Amino acid sequence: MKKLEELIQIALDNKENSYSPYSHFRVSAVVETKDGHIFKGVNIENASYPVAICGERSALAGAVSAGYKDFARIIITGDSKDTYPCGVCRQFMAEFFDQDTEIVIANSKTDYKTYTMEELLPHSFSKKDLG
Ligand SMILES: [Zn+2]
């Protein structure tokens, strides 16, 4: 596992890869698996606006596509102070995260807040509801 400050720096640097020509609002996410692999994601917009994907989901899509589904934490950073995940991403993360998986909302290596999945999406609908 990398140090949190290292992961935050990777996420901050990765904002440069955001494809956000319409909103000019960059988001970057770095997800770390429980065995120490990291996957980066950015928001990717589209001329057909609803087609866009958020940074959190693009990071998780890369990880899941590579065969990883056990996550320790995700670092999220964007162009606003305290860029929180949208509702769609919270539901997407809840599919793979444990209730205590850490979600770090980072502005810098020294300015960040850490939440659990349960805190950001309490009482969520999940696969356990499907029986
Ligand atoms: Zn989102």
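Before I start: the model is predicted, so local features need pLDDT of at least 70 and side-chain atom pairs count only at pLDDT 80 or more, while totals for chains, interfaces and linings use all residues. Residues are numbered from 1 along each chain as its sequence is written, and side-chain values use heavy atoms, with hydrogens and water left out.

OK, the sheet. Five strands make an open, mixed sheet, ordered β2-β1-β3-β4-β5. Strands here are DSSP E runs of at least two residues, helices are H or I runs of at least four, and both are numbered from the N terminus. Two strands pair if DSSP finds at least two bridges between them. Strand to strand, the twist averages 20°; axes are lines fitted to C-alpha atoms, for helices over the stretch in contact, and angles run from 0 to 180 degrees between N-to-C directions.

Now the helices. α1 (residues 4-14) lies across β1, β2, β3, β4 and β5, at about 45° to β3. α2 (residues 55-65) touches β1, β2 and β3, contact being heavy atoms within 4.5 Å.

Last, the metal. Which residues coordinate the zinc ion? C54, C86 and C89, each through SG, at 2.2 to 2.3 Å. Donors are N, O and S atoms within 2.8 Å of the metal (3.2 Å for Na, K and Ca), and water is not among the atoms, so sites may look incomplete. Their spacing is C-x31-C-x2-C.
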